[in-house]
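Work through the exercises below with the sequence and the model open side by side.

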Amino acid sequence: MSTSNQYRNVALLSLCQGIFVCGQTSLILLGALVGYSLAPDKSLATLPVSAVILGTAVMTVPASFFMRWAGRRVGFMSGAVIGMCGLGLCIAAVTLGNFWLLVGGSFVVGFYNAFCQYYRFAVADAAEPSFRPKAISLVLAGGVLAGVIGPAIATQSRDIFATDYLGSYVALVAVTACALVLLYFIRIPNLTAAEQKDQGRPLFQIITQPRFVAAVLASMIAYGVMSLLMTATPLAMTGCGFDAVDAGQVIQWHVVGMFAPSFFTGHLITRFGVYNVMICGVILLASCVGIALSGLSFLHFSAGLLLLGIGWNFLFVGATTMVTELHKPAERAKTQATNDLLVFGATATSSFMSGSLLHYFGWTTVNTVALPFIVVALLLTVLLSVRSFRAARRV
């Protein structure tokens with residue numbers, strides 16, 4: 001692929017990533033607040049958020065194999081159409097005041113999110129090896145747009161119609177339509193006939209590589225811990241007397257923390273090595289929990305969620321970079337699908353746990369539950385770093 005097309009794809013997919021994350025952050029805020037108002041059992045308040053993540057996990061494998069057959073552009077555009085249909089169901093749910101229809105619509109929106117998760121792999125597929133870490137991080141950097149306007153979509157459009165928050169879901173349909181238009185212009189080569197026919201190595205051989213195991217576990221912990229804490233935050237804040245606008249601002253800072261570092265994460269990986277960047281990410285996750293356990297002020301929520309976002313970025317971008325180095329083009333679909341199935345399966349589980357833990361045991365318990373997983377991520381990453389250092393010395 002030409003250098004111009006390489007940068008073109010980065011620019012377009014970065015914009016689409018921003019649009020996707022705008023919708024995702026809005027859904028997190030809306031799912032928790034609207035879910036709480038409609039839920040027959042308040043311990044189920046975060047179920048719409050969990051349904052989005054579960055839908056993402058369910059669709060990761062079909063999405064990957066569909067794109068292997070139809071190509072990235074057709075796959076991404078199909079995902080956007082599915083997302084608009086899911087949002088249509090959410091609009092009907094809010095209009096009717098039906099909690100379970102809201103859960104169902106959120107689940108369908110998760111299918112769209114599954115396709116969007118492959119933006120980072122798609123740009124890596126078409127990038128030169130030396131540019132790959134930067135390409136991945138620059139695409140993820142598009143999420144900074146969501147930090148600026150994502151929560152505002154949910155809060156500023158809520159009163160457009162007489163039904164509270166109906167306008168928020170209508171606005172998300174328009175936002176997704178913009179992504180559909182942009183996706184038409186990406187140019188990522190489809191697999192050749194030979195690559196379509198070639199199945200590559202057996203999946204078991206690929207996923208039992210120590211580096212693949214480490215990368216998947218790191219991604220699972222990064223996303224799982226992030227989902228556990230972020231999903232519970234809006235409800236924890238309202239329980240402490242803060243309103244929806246306050247919660248939206250905290251989520252806004254969190255999203256900035258998730259994606260702003262992507263402007264330089266790829267450079268840091270190239271300069272200092274992937275393991276060192278991932279270790280810094282784990283330490284930041286631990287710092288987030290420490291801040292959350294030390295107080296319940298607006299500053300505690302904001303600073304904690306900001307560090308949570310930065311820690312997620314370092315750990316997740318590093319792990320994604322590792323995965324792209326461990327498979328050939330013919331092995332792309334099954335390897336990436338397995339990675340994302342495991343990652344979003346763990347994310348869905350932590351999101352389901354989040355609402356119940358908060359309802360029955362409180363904010364302190366939610367944060368305490370995250371600590372053992374953070375310790376596992378730290379030990380795993382340090383171990384691989386030491387092994388890599390020893391292997392380099394032997395060469």
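**Exercise 1. Find which residues make the nonpolar surface patch of about 270 Å², and which helix gives the most to the patch.**

Solution. Step one is to list the members: Ile283, Leu378, Val382 and Val386 make up this patch of about 270 Å². Patches are built from residues with over 30% relative accessible area and no salt bridge, where like charges are joined within 9 Å and nonpolar side chains (Val, Leu, Ile, Met, Phe, Trp, Tyr) within 5 Å; the areas come from the Shrake-Rupley method with a 1.4 Å probe, and for residues only the protein chains shown count as cover. Step two is to assign the helix: α17 (residues 363–394) gives the most, with three residues, and Leu378 lies in this helix. Helices are DSSP runs of H or I with at least four residues, strands are runs of E with at least two, and both are numbered from the N terminus. Step three is to check Leu378, which has a relative accessible area of 31% and is therefore partly exposed, given that buried means under 20%, exposed over 50%, and partly exposed in between (1.4 Å probe, protein chains only).

Before going on, note that this is a predicted model, in which local features need pLDDT of at least 70 and side-chain atom pairs count only at pLDDT 80 or more, while totals for chains, interfaces and linings use all residues. Residues are numbered from 1 along each chain as its sequence is written, and side-chain values use heavy atoms, with hydrogens and water left out.

**Exercise 2. Determine which residues of the largest nonpolar core touch the most other members.**

Solution. A nonpolar core is a set of buried Ala, Val, Leu, Ile, Met, Phe, Trp, Tyr and Cys residues joined through side-chain atoms within 4.5 Å. The largest has 118 residues, of which Leu13, Phe76, Tyr119 and Tyr169 touch the most other members. Helix α11 (residues 210–239) gives the most to this core, with 17 residues. A second, separate core of five residues includes Ala39, Ala51, Phe99 and Val103.

Next, take Tyr169: with neighbours within four places in sequence left aside, its contacts (heavy atoms within 4.5 Å) include Leu27, Leu30, Gly31, Leu87, Cys90 and Ile91.

**Exercise 3. Decide whether His254 is buried or exposed, and list what His254 touches.**

Solution. Locate His254 in helix α12 (residues 244–259). Its relative accessible area is 0%, so His254 is buried. Not counting residues up to four places away in sequence, His254 touches Met226, Met230, Leu305, Leu306, Leu308 and Gly309.

**Exercise 4. Count the salt bridges and describe the partners in each.**

Solution. Side chains of opposite charge can pair when their charged atoms come close. With a salt bridge taken as a side-chain nitrogen of Lys or Arg within 4 Å of a carboxyl oxygen of Asp or Glu, the count comes to three.

- Asp340 and Arg120 meet at 2.8 Å, N to O. Asp340 lies in helix α16 (residues 332–361) and Arg120 in helix α5 (residues 119–125), so the pair ties together parts 220 residues apart in sequence. Asp340 is buried at 0%, and Arg120 is buried at 2%.
- Glu331 pairs with Arg201, the closest N and O atoms being 2.9 Å apart. Glu331 is buried, at 0% relative accessibility, whereas Arg201 is partly exposed at 22%.
- Arg211 and Glu325 meet at 3.2 Å, N to O. Arg211 is partly exposed at 28%, as is Glu325 at 46%.
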